[in-house]
Amino acid sequence: MVGAAIIRVLRAKGCDNILTRTRAELELRDSAAVDRFFAEHRPAVVVLAAARVGGIAANMSAPAAFLVDNLRIGVNVLTAAAAHGATDVLYFGSSCVYPRDAPQPLREDCLLSGPLEPTNEGYALAKIAGIKLAEYLGRSTSLRVVAAMPTNLYGPGDHYDPEKSHVIPGLLQRFHKEKARGSTEVECWGSGRPLREFMHVDDLAAAAAHLLVRHPGFGLVNIGTGEEVTIAALAQLVADAVGFTGRIRWDSTRPDGTPRKLLDLTRLSSTGFVPRVRLREGLAATYAEAVAAGRFDDL
Ligand SMILES: NC(=O)c1ccc[n+]([C@@H]2O[C@H](COP(=O)([O-])OP(=O)(O)OC[C@H]3O[C@@H](n4cnc5c(N)ncnc54)[C@H](OP(=O)(O)O)[C@@H]3O)[C@@H](O)[C@H]2O)c1
């Protein structure tokens, strides 16, 4: 989702010398293959958007795989980029690698200040190792690294398989299915009260392209919209996007997760970046793309 959005943004800006590789063409866990690729092509600017990514169920059931795969991908790509003369790297962390109980809104300097959220600890440890490796490489070579820390993302190309999906594709899929069945009620987990922040992937990609030009060197930069929404309000916006007119029932016996998760955007805002996509319009466009692409067909 992220890599495709960044390519769209760079192409729209007239960048026509983008080199990409699918997983079938280049397995990033294979250090020899990654080193050969960088030795042959010597890219100047490297965007590492590949990772083993998943929702809470996938993370909880395979923490070792999330840790090992993401460590390997990070170490292989970052060390090869530094060894073969890259000048700039954009690496992706995530808001979920900050300590579970860090003060809100989450500032970049709270990284490593406390225990992690246990449900995605393997993923978070690997991402933090990548961030620190990038920082060390930035000190000992001329590599400039931006470690982007995005909030929850949504948009075209998202995963709708319940095993992999995050909250927005999960809700879109559920409301779509219940509407098709003619249901008058949809049940959602929790109280609906937790506050979350969501960003359209096109805004994330615009921020990424902006930071590659405007950021002066190594550093963590939170990327978000600064707009909070309750899960209940989000569910209603999703229902509106799908055209589901029935009732939403909240099952408060189910866990809510952390009550609030919001990023501090002081650093991003100081570079002059402003997000453009409003949640209501972004959800409508995401739903239209998912239907057109047949993403609900096999679910
Ligand atoms: N989505 C979010 O809400 C979110 C939030 C914060 C941060 N991020 C970060 O943003 C980055 C991109 O996430 P995304 O949402 O775009 O994920 P995505 O849609 O799952 O894309 C990840 C890509 O990485 C590829 N990949 C995985 N393992 C690989 C390997 N070993 N070798 C080569 N390619 C491999 C995948 O290929 P296959 O399709 O073949 O598996 C896929 O194309 C990740 O670093 C993620 O941690 C995402």
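Reader: What should I know before I start?

Author: Residues are numbered from 1 along each chain, as its sequence is written. The model is predicted, so local features need pLDDT of at least 70, side-chain atom pairs count only at pLDDT 80 or more, and totals for chains, interfaces and linings use all residues.

Reader: Which residues of helix α1 are buried?

Author: Terms come before the case. Helices (H or I, at least four residues) and strands (E, at least two) are DSSP runs, numbered from the N terminus. A residue is buried if 20 or more other C-beta atoms lie within 10 Å of its own, exposed if 12 or fewer, and partly exposed in between, with C-beta atoms placed from the backbone. In α1, residues 2-12, the buried ones are V2, A5 and I6.

Reader: Why do they line one face of the helix?

Author: An α-helix has 3.6 residues a turn, so residues three or four places apart point the same way. Here, looking down the axis of α1, the buried residues fall within an arc of 100°, so they line one face. That arc is taken from the directions between helix axis and C-beta atoms.

Reader: And what covers the buried residues of α1?

Author: The cover includes β1 (45-48), β2 (88-92), β4 (152-154) and α7 (201-214). Just after α1, G14 has a positive phi of about 90°.

Reader: How do I read a sheet, then?

Author: Strands of a sheet pair through backbone hydrogen bonds, either parallel or antiparallel. Two strands count as paired if DSSP finds at least two bridges between them.

Reader: Is V46 buried or exposed?

Author: V46, which sits in strand β1, counts as buried because it has 21 C-beta neighbours inside 10 Å. Leaving aside neighbours within four places in sequence, V46 is in contact with V77, A81, A86 and V89. Contact means that the C-beta atoms, placed from the backbone, lie within 7 Å.

Reader: Which residues make up the two faces of β5?

Author: In a regular strand the side chains alternate between the two faces of the sheet. In β5 (residues 185-189), V186 and C188 form the covered face, while E185, E187 and W189 form the uncovered one. β5 pairs in the parallel sense with β9 (residues 247-251) over 5 bridges, and V186 has I248 as its bridge partner there.

Reader: Last one: which residues come nearest the ligand?

Author: Of the 20 residues around the ligand, V2, L28, A50, A51 and L153 come nearest. Near means a C-beta atom, placed from the backbone, within 6 Å. α1, α4 (63-83) and β4 each supply at least two residues of this shell.

Conventions: Contact = placed C-beta atoms within 7 Å.
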